[in-house]
There are 2 protein chains.
Amino acid sequence: MYKVIFKFEDGTGTEVFAALGENLLEVARKANVAIDAPCSGNAACGKCKVKLTGGELDSRQTRHITDEEYAQGWRLSCISRITADVEVLVPDIASAYRSRMKVADLDSAEELQIFEKTKADIADAGISFRNDLEVVPVLMEEPSLDNTMPDNERLVWAVEAACGVSEVKLQFSVLQKLAEVLRKSSFRVQCVVSRQGDRAEVLDVLPEDEKAQVCGLAVDIGTTTVSALIIDMTDGAILAKASSGNGQIRYGADVINRIIEQQKEGGRKKLQDAIISETLNPLIHAMCRSAGLRPQQIYRMCVAGNTTMNHLFAGVDADPVRMEPFIPTFFETDSICAQDLGIHIYPRARIIMAPNIGSYVGGDITAGTLASTIWNREEMSLFIDLGTNGELVFGNSEFMMSCACSAGPAFEGGDISCGMRATDGAIEACVIDSETMEPMFRIVGDEGQKPVGICGSGIIDIISELFRCGIISPKGKFIREGKRIRHDSYGMGSYVLAFKEDAASVKDIELTEVDIDNFIRAKGAIFSAIRVMLGSLDFDVSMIERVLVAGGIGSGINMRNAVNIGMFPDIELEKFTYIGNSSLSGAYMMLYSNEAEAKVADVAHNMTYLELSNEPGYMDEFVAACFLPHTDAALFPSLEMKFA
Amino acid sequence: MYKVIFKFEDGTGTEVFAALGENLLEVARKANVAIDAPCSGNAACGKCKVKLTGGELDSRQTRHITDEEYAQGWRLSCISRITADVEVLVPDIASAYRSRMKVADLDSAEELQIFEKTKADIADAGISFRNDLEVVPVLMEEPSLDNTMPDNERLVWAVEAACGVSEVKLQFSVLQKLAEVLRKSSFRVQCVVSRQGDRAEVLDVLPEDEKAQVCGLAVDIGTTTVSALIIDMTDGAILAKASSGNGQIRYGADVINRIIEQQKEGGRKKLQDAIISETLNPLIHAMCRSAGLRPQQIYRMCVAGNTTMNHLFAGVDADPVRMEPFIPTFFETDSICAQDLGIHIYPRARIIMAPNIGSYVGGDITAGTLASTIWNREEMSLFIDLGTNGELVFGNSEFMMSCACSAGPAFEGGDISCGMRATDGAIEACVIDSETMEPMFRIVGDEGQKPVGICGSGIIDIISELFRCGIISPKGKFIREGKRIRHDSYGMGSYVLAFKEDAASVKDIELTEVDIDNFIRAKGAIFSAIRVMLGSLDFDVSMIERVLVAGGIGSGINMRNAVNIGMFPDIELEKFTYIGNSSLSGAYMMLYSNEAEAKVADVAHNMTYLELSNEPGYMDEFVAACFLPHTDAALFPSLEMKFA
């Protein structure tokens, strides 16, 4: 056995023993050391770098490690084997997550405006914003030697009278605090009540003069990113918001890798801990701190996530999701409360899960479809959610069809060497001078903000511009030379957006051929899915009357450029609308409005699911779409004219 | 600050710091060191002895510590103050509890016979032994690409069909294991179901070929002793049984001291941990091990305990129980499931609590009243539960009145220097030769068993015999001299039952004047309560047609001697019956039979409660009864004849 020492950037560390030949990434995972490995240890993504600081390690150089880096000791842990005692420095991905937390969805004025517009659309569709939670003042006679009813019966009688219901149930937590609250308040209290028909359930009891705050938590659990809102359940006001990386990322960038991980011994618990203990609970605590709330004041939660995320969140085996005949444990469930999952809010908070409709079309899409309001319109609409899985819904008030394709995390800046979310410092838009090849870009954040990385909308612009300027070929290879174009020792080209002197980064901000390749595959997946789904219905892209684009790609998305690179079909640009994080806004609606919750169930029941992998020709379509803009240029008539 | 080292008999220890003058018992409690202190630190019981093994301690000698013991270093921790660094040895009360665990209620043939008789009486009263839990075979079609219903819907449909119900709810734990169980068993399973009318709730799902065991847990939570049974919910068979001391004992011997303790900072949690983590969970694990069961197979629990025990068990403030107007949080509650309290059984197991009817008449009595079947008889019956609180119920099928008195733990061998429960080695019966004053006794256990201590029934016999032989006065003071009669340096007399050479004990087995005094107060409390309650109804003891005696005093109880010492009224001995631990047998019935559960609620609603402390003359009656047999000899005519 050899000693393996993992050191962290904060100076702490952990020590374990490993056998000769053991894989370093596996050793780290067993020791609960978080190493970023979105490709799940296949030497594909290059993110699992560690720095050898002592001892020996058997690890070859790869294209992900420059000569300079290799000389400094950087190694990919997934291809490193233990041959002696060794000490490595592990870059802190947890702090990377934390640093992202300061920025949330709905943080910008644009996003808030989009959100308010969505809310208005839903209201216009006849959905009322009301729910079953309320605060009811309850006054009781004080007990005496002649009036000896125990506290719980006294409260039940008083709530029956106050609410005009015939059946009242007290939650356990009410029982636990009842004696103290009643006596402190001279039997004048207010109750947090869920009223349903002739029944009422008392969730909490507070002294009359204490501020009763009834909150709800809406969460979009994305494969890559988690976004959350705490709202006031009485008026729908947003009290706090936060986003964070999904802590499961170190077990794989996509759902398939995570399902494989959860299948291993103890894996289900590990994946559930990663999303709940490591991601959600810290988000909840941070939001509560910032808004001056107690987590116990969150009496309800609504989760929107894809089918795999929902299963991993609930600690339910997700393996059948990926194995034919692709039967998950649940589409809908009402069996779960917060304490079952160890979520640090009111223990018996009901957890609403936006329903899944298939293995690869989940609650993020049903909730997002609610937000898109395509179910309320006569026009033929296409709803596109650009997540790690790309999902599409096409239809109108008469019918809806959905499908999913695996796009990877590129739209959210994942799998891109300088990728990031659309937050402060992200290059969100770009124009390149075709002569000088010099870029001009717009950066998210205050004036003077230096670039940190590139978000999804920025990548679209850059690729579109590189292509327009003839800097890259339709295959995404560099075909011009210049100051900003570089080739490494493996021959891989890249375009430098900002040299490190001009950036808030320790290295140059560039887009490499690998990045471009990753992105082209992502956009190809989306475009081919659109083609195949419409084709299965004998529709043509020209029949699309509206396109609603959702996801973390950023509100800066340039629809023209998205068409230019062959990501979206070549139709009138006025038809495109960016609707923000529709999964989160849908979760918000379901949380805040009982009618919205029912509507999503209704939408889910009426949506058909198309399994793309069963469609003949999908693979051919995908390969044809992995080109700029497409191997069949005729599909992009407006481009032909432009570049003619 | 001084260093205080607590050493334990197993060689481990713990070290804390304390300030000059701090009380050693308090220091121990803060450090979570368990020191037996039934009198809650009032220097009354003498049980909190520790042995000074190093350093210094300011602590005087008391009557509880002999010269020899004091010289050896024994001190009462409750009157010891920190004046320097100190090291003490703490006797292991946890192991004392553990050693008791081998012996359970219903362990002897006599007790089992009594239990079976109780069961037969309940059946005769028309209560059917049926409950809503059952195991249902459920067969499903296997999913395919053409049959893509998710697992949970598939199961719900199949259970609806199998049970003929229209609403089926799955518990969360079912959802969590569903995918695996269905696939392992080719969709041929059995479900543990609770069926109520047109609704069914699925608690568990198992492969078709696995043995489905549906168990229940019945627990009597006594102030001093906890007894438990695991039963098969399908046929009522007892699968395991165990008893243990109530871990709360170190916070006080009676309910009042415990309520005071729970009132302190963190006290509620501490008292709840003492009963659940330290007492119940170990009992459950031990029983499951012995019976080859998994704790998760216990799908329901029924608890019978007094009102304070119920509140402390639920982690609910018990203070109002002891403060006028004596209003507890609950009499009945259906809000609690196992996971709320951290009980290691099926997490959502429903916890049935035998209802309380007043602050001092709790679920142990309503459950015990069910077992007594006095509610089904025309004869006027008196039900007496001899616990740490003594409780009485008087009545018949027309009416029932109850009251409670504080007897202390003497009936279970508590507060008695050589006291113990009626288990192996306990002197359970005794005759004393009036000439030689030599004792002859019967010992619980196999032939050749040497005496270990004295149980409640033994104490009754010894006091009765000492009195009959003129060895003690009506006040319980020694008035004859002899080889077996001793006086310590404080003048306190005692009678030696067995010298240590003849005993399985490190010291002589004796009964002291303090013990006799404690027992006389206990029996005086019972007798005066009987008199006052009957008096309040204008009844006379001669009108009692049956007396049912319950409690841990042991099946060896000699009713003649109990009358002789003035504990029970002087009526015909044939009227007395010992019915064992009626709280536990009542809990068993409530667990196993839905009708029995409903009957107890009915009994509770129809029972009036008499608060003895409000009755004029109760205190005088009590003082008059603290005599052998009583200050008013006319109340014991049969004794007058006998001793004449």
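This is a predicted model: local features need pLDDT of at least 70, side-chain atom pairs count only at pLDDT 80 or more; totals for chains, interfaces and linings use all residues.
H6(B) consists of 13 residues, and the distance from its first C-alpha to its last is 19 Å, close to the 18 Å expected at 1.5 Å a residue. Just after H6(B), B:Ser186 adopts a positive phi of about 50°. B:Phe187 also has a positive phi, near 65°, although this residue is not a glycine; B:Phe187 belongs to the loop that runs between helix H6 (172–184) and strand E8 (188–196) of chain B. With a relative accessible area of 2%, which is under the 20% cut-off, B:Phe187 counts as buried.

### The two chains

The same surface serves both copies, since 100% of the contact residues of chain A recur in chain B.

The contact itself involves 45 residues of chain A and 45 residues of chain B, and the two chains bury about 3,400 Å² between them, with 54% of that area on carbon and sulfur atoms. On the side of chain A, the residues that lose the most area to chain B are A:Phe172, A:Ile327 and A:Thr329, which together account for 17% of what that side buries.

### Domains of chain A and the contact between two of them

Chain A is divided into domain 1 (2–90), domain 2 (133–207), domain 3 (213–353), domain 4 (371–408 + 540–640) and domain 5 (410–519). The C-alpha centres of domain 3 and domain 4 of chain A are 25 Å apart, and the contact between them takes 28 residues from domain 3 and 15 residues from domain 4. About 1,700 Å² is buried between domain 3 and domain 4 of chain A, and carbon and sulfur atoms give 62% of this area.

Helix H7 (residues 255–263) of chain A has as its buried residues A:Val255, A:Asn257, A:Arg258, A:Ile259, A:Glu261 and A:Gln262. Among the elements that cover these buried residues of H7(A) are helix H1 (24–30), helix H8 (267–291), helix H9 (307–314), helix H10 (319–322) and strand E16 (389–395) of chain A.

### Backbone features in loops

| Cis peptide bond | Omega | Loop holding the proline |
|---|---|---|
| A:Leu628 to A:Pro629 | about -15° | between helix H18 (618–625) and helix H19 (637–643) of chain A |
| B:Glu324 to B:Pro325 | near 5° | between helix H10 (319–322) and helix H11 (338–341) of chain B |

A:Pro629, at 10% relative accessibility, counts as buried. Leaving aside its neighbours within four places in sequence, A:Pro629 is in contact with A:Phe467, A:Lys523, A:Asn564, A:Ile565, A:Gly566, A:Phe636 and A:Leu639. A:Pro629 and A:Asp198, by contrast, are separated by 431 residues in sequence and by 60 Å in space, taken from C-alpha to C-alpha.

One of the contacts of A:Pro629, A:Asn564, falls within the range of helix H15 (residues 559–564) of chain A, the helix in which A:Asn561 lies. At 7% relative accessibility A:Asn561 counts as buried, and, not counting residues up to four places away in sequence, A:Asn561 touches A:Ile460, A:Asp461 and A:Ser464.

A further backbone feature of chain A is found at A:Thr373, which has a positive phi of about 55° although this residue is not a glycine. A:Thr373 is placed in the loop between helix H12 (363–372) and strand E15 (381–386) of chain A, and its relative accessibility of 1% means that A:Thr373 counts as buried.

Notes
Residues are numbered from 1 along each chain as its sequence is written. Chains are lettered from A and ligands numbered from 1 in the order in which they are written. Side-chain values use heavy atoms; hydrogens and water are left out. Contact means heavy atoms within 4.5 Å. Helices (H or I, at least four residues) and strands (E, at least two) are DSSP runs, numbered from the N terminus. Buried means under 20% relative accessible area, exposed over 50%, partly exposed in between (1.4 Å probe, protein chains only). The expected span of a helix is 1.5 Å times one less than its number of residues. Domain bounds come from an automatic or database domain assignment. Buried area is the accessible area (1.4 Å probe) that two parts lose on being put together, summed over both.
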